[in-house]
Amino acid sequence: MIIDWYPGHMKKARAQIIEILPKIDLVIEVLDARLPASSANPLLERLRGDKLCIKILNKSDLADPTVTKRWVEFLEKQQGVKAIPLESTNRRDVGLIPKLCRKLLPARTKAKKPLRVLVVGIPNVGKSTLINTLAGKKIARVGDKPAITTCPQQIDLRNGILLSDTPGILWPVLDNLAGAGRLAASGAIGDNAFDTLEVGLTTAQYLAEKYPALLLQRYKLSELPETPLETVVEIGRRRGCLIKGGDVDLHRAAELLLRELRSGKLGRISLERPEEVSGAFEKGVKLTAVDE
Ligand code: G4P
């Protein structure tokens, strides 16, 4: 599988995080609830030290609620971490975040000093949506392109909280092929950066193992085909993804499966579980050479 990667970016990210962390009271790390390990960047965990951190399991409306619950328990075993699943467009749920920040840092609130909060997360995880909901209005962000040097943008929530938004800091770590495949399946990586059919086949296999009933129901199958390829073929046939001569267009069928997974049409699906990927969270995780 070929996945585009941005060499040198980790080094820059590290410098930016080291520079900003001393001016921050609390970190809000936005993760994708469907893949909290692969959507995290271990660099942040390594540099955070004992700084408090709220891990938002965003897009929880798309994730399997029982698995999300286990992720919350797992993440909260980390020092100084509070984990909350939410849907970042939901004002009521998002409204709990400022209260939680104040609760976690009572001394600063008592001293009437603004809480300085850093929001980080890989692209497409829902940071802008979350910030807009927190601010109650659309905030223009500086851009998430890795090549652009961006200064932290400060947003005064007018409730004693000063948000620092740092577009372009964190990118996913793609040195683990399974994790990169899950990121691709979730839609976090641009579609041009990977082979759609390959990711579609891996996804079909995963769904057949973990969520067979959802697969059967969505595509009105009486039984699961034996192989992922046959599953994709069957999906393509049923949805009219055909080429001249009546054969299935495998690429389009895989694309359709991924689209329906990402939009939640297949049901609430988690792409990874704590027991499968716990190593990825341990401090001191070896990063790719670009971090050296
Ligand atoms: P980013 O700043 O971290 O890059 O992410 P952004 O907020 O732009 O969100 C990326 C995509 O994820 C957007 O969809 C957004 O609507 C969607 N999203 C954010 N939070 C949630 C959530 O809690 N649940 C669900 N289901 N989706 C969420 P998009 O299709 O790229 O854009 P749009 O058409 O919605 O504007």
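**Helix packing and the ligand site**

Tutor: Take helices α11 and α12: L229, V232, V233, I235, G236 and R239 of α11 meet L250, A253, A254, L256, L257 and E260 of α12. Contact here means heavy atoms within 4.5 Å. Helices (H or I, at least four residues) and strands (E, at least two) are DSSP runs, numbered from the N terminus.

Student: What should I know about the model itself?

Tutor: The model is predicted; local features need pLDDT of at least 70, side-chain atom pairs count only at pLDDT 80 or more, and totals for chains, interfaces and linings use all residues. Residues are numbered from 1 along each chain as its sequence is written, and side-chain values use heavy atoms, with hydrogens and water left out.

Student: At roughly what angle do the axes of α11 and α12 cross?

Tutor: Axes are lines fitted to C-alpha atoms, for helices over the stretch in contact; angles run from 0 to 180 degrees between N-to-C directions. The axes of α11 (residues 228–239) and α12 cross at roughly 90° and come within 9 Å. So α11 is roughly perpendicular to α12. The classes are: under 35 degrees roughly parallel, over 145 roughly antiparallel, 65 to 115 roughly perpendicular, the rest oblique.

Student: How do the residues of the α11 contact with α12 divide?

Tutor: Ala, Val, Leu, Ile, Met, Phe, Trp, Tyr, Cys and Pro count as nonpolar; Asp, Glu, Lys and Arg as charged; the others, Gly among them, as polar. That contact has nine nonpolar, one polar and two charged residues.

Student: Which residues of α8 and α12 make their contact?

Tutor: Axes before residues. Helix α8 (residues 177–186) and helix α12 (residues 250–263) have axes that come within 8 Å and cross at roughly 80°. Therefore α8 is roughly perpendicular to α12. A184, A185 and S186 of α8 touch L258, L261 and R262 of α12. By class, four are nonpolar, one is polar and one is charged.

Student: How do α9 and α11 pack?

Tutor: Helix α9 (residues 196–210) packs on α11 at an angle of about 100°, with the axes 8 Å apart. So α9 is roughly perpendicular to α11. From α9 come G200, L201, A204 and Q205; from α11 come P228, L229, T231 and V232. This contact has five nonpolar, three polar and no charged residues.

Student: Now the ligand. Which residues come nearest?

Tutor: A residue is near a molecule if one of its heavy atoms lies within 4 Å of it. There are 16 residues around the ligand, and D61, S88, N124, S128 and T129 come nearest. Helix α7 (residues 127–135) gives the most to this shell, with three residues. The shell holds four nonpolar, six polar and six charged residues.

Student: Which atoms pair up with the ligand?

Tutor: A polar contact is a pair of N or O atoms within 3.5 Å. A polar side-chain atom of D61 sits 2.8 Å from a ligand nitrogen. A polar backbone atom of K127 is 2.8 Å from a ligand oxygen. An N or O atom in the side chain of T129 is 2.5 Å from an oxygen atom of the ligand. Alone, the ligand exposes 710 Å², and the protein buries 57% of that (Shrake-Rupley method, 1.4 Å probe).

Student: What is the phi of N124?

Tutor: N124 is not a glycine, yet its phi is positive, near 75°. N124 is found in the loop between β4 (115–120) and α7. K59, also not a glycine, has a positive phi of about 60°. K59 is in the loop between β2 (52–58) and α3 (65–75).

Definitions and conventions. A polar contact is a pair of N or O atoms within 3.5 Å; within protein, one must be able to donate a hydrogen and the other to accept it, and residues adjacent in sequence count only if both atoms are side-chain atoms.
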